[in-house]
Amino acid sequence: MRTRVAGALLSVLALTATGCGSGGGPGGGGPDGGSDTAARPAAAADRVEPLADPPEPQLPVTVRSSDGREVTVRDARRVVPLSGSLSEIVFTLGLGDRVVARDITATFAQAGKLPVVTRNHDVSAESVLSLKPDLVLAEATTGPEEAMDQIRDAGVPVLVVAPARGLGDVGPRIGAVARSLGVPAAGKELTERSEQRIAAVRKGIPRRGDRPRVAFLYLRGSASVHLIGGRGSGATSLLEAAGAVDAGAESGLRKDFTAITTEALSGAAPDAILVMSKGLESVGGVDGLVEIPGVAQTPAGMNRRVVAIEDGVLLNYGPRTDRVLTSIVDQLYGDTP
């Protein structure tokens with residue numbers, strides 16, 4: 001079974017449920033890494049950019065959920081997206097004024113004042129239903145199942161959106177959300193804008209003979225969780241788009257995430273390390289990162305070459321992915337802020 005990006009991360013986050021809430025604060029922000037180019041989060045990553053002309057939903061519509069159910073949406077005045085990625089899509093379509101709640105991973109500024117209806121990534125059915133939603137948008141990994149069944153049993157339409165695995169999923173996920181909201185034309189417009197911006201970033205990547213090897217590390221220092229991403233971690237598509245090699249996947253790590261060992265890092269031999277900003281903070285910044293066994297012995301550790309991206313946007317594969325890609329490219333190849 002192909003691994004779902006969100007599922008992979010949620011299984012990791014389950015190990016650190018107490019501490020992960022602080023890992024997705026708005027703006028994230030890297031720690032003070034001195035002169036290291038490493039600790040810069042994506043510029044302006046804490047805001048989304050809605051379409052210029054907000055669309056008017058044409059409802060009712062019946063759409064197929066990725067879990068196989070037929071879902072009929074009759075109204076969309078009160079929408080609850082149960083992931084940061086889905087919230088981002090709704091807001092960027094220009095329908096943010098219809099969103100009445102957020103998941104803990106919705107970290108961009110426009111969603112900041114909305115009530116949170118999840119706790120440690122578990123949905124509170126009572127909290128959701130108290131807001132009288134017309135539509136709930138969910139990921140395949142949203143749970144627990146009992147809570148989702150309770151929401152459905154109350155008569156609320158629940159659309160499950162297929163998971164993000166890479167850049168190729170940006171358009172399909174935008175389209176699925178847009179169709180459920182009765183704004184398919186806006187979905188097409190946003191898809192085209194997103195794909196054009198990603199393509200523009202890729203065109204500007206420096207052409208070099210040797211592609212940098214980059215290892216994606218998932219860090220939660222407060223829980224002593226130090227993992228290296230392999231196949232299915234979700235980072236491969238981004239790194240390849242940035243002209244790099246996913247060092248963990250290329251070295252043969254088949255699991256989504258593997259505990260960091262000196263042997264695993266030696267096999268990956270990364271030239272640079274990709275981390276989430278809050279994860280980097282949790283281990284004490286770049287100084288703390290190189291103290292993790294094996295890191296200092298890699299080319300990345302010796303050169304203190306670290307790429308830090310805000311937690312709440314790194315693996316969303318949505319309308320802000322061009323900004324994520326821009327930041328990765330800037331940090332890998334130069335000092336452009």
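Biologist: How much space lies in the second largest pocket? Please tell me about its lining too, and then about the packing of helices H6 and H7.

Modeller: Happy to! Please keep in mind that this is a predicted model. The second largest pocket holds about 230 Å³ of space. Its lining is made up of 14 residues, and those nearest the centre of the pocket are Ala140, Thr142, Glu145, Met148 and Arg152. Strand E6 (135-139) and helix H5 (145-153) each give at least two residues to this lining, with H5 providing the largest share, four residues.

Now to the helix pair. Helix H6 spans residues 170-180 and helix H7 spans residues 184-203; the two pack with their axes 8 Å apart, at an angle of about 160°. Angles over 145 degrees count as roughly antiparallel, so H6 is roughly antiparallel to H7. Their crossing is right-handed. On the H6 side, the residues that meet H7 are Val170, Gly171, Ile174, Gly175, Ala178 and Arg179. Facing them from H7 are Pro184, Gly187, Leu190, Thr191, Ser194, Glu195 and Ile198.

How values were computed
Residues numbered from 1 in each chain as written. Predicted model: local features only at pLDDT ≥ 70, side-chain atom pairs only at ≥ 80, totals over all residues. Heavy atoms only, no water. Axes fitted to C-alpha atoms, helices over the stretch in contact; angles between N-to-C directions. Parallel < 35°, antiparallel > 145°, perpendicular 65-115°, else oblique. Left-handed = near helix turned anticlockwise from the far one by under 90°. Contact = heavy atoms within 4.5 Å. 1 Å grid on protein atoms, 1.4 Å probe; cavity = no way out; pocket = protein on both sides within 12 Å on 5 of 7 lines; lining within 4 Å. Points joined across faces, edges and corners; volume = space filled by probe spheres on them.
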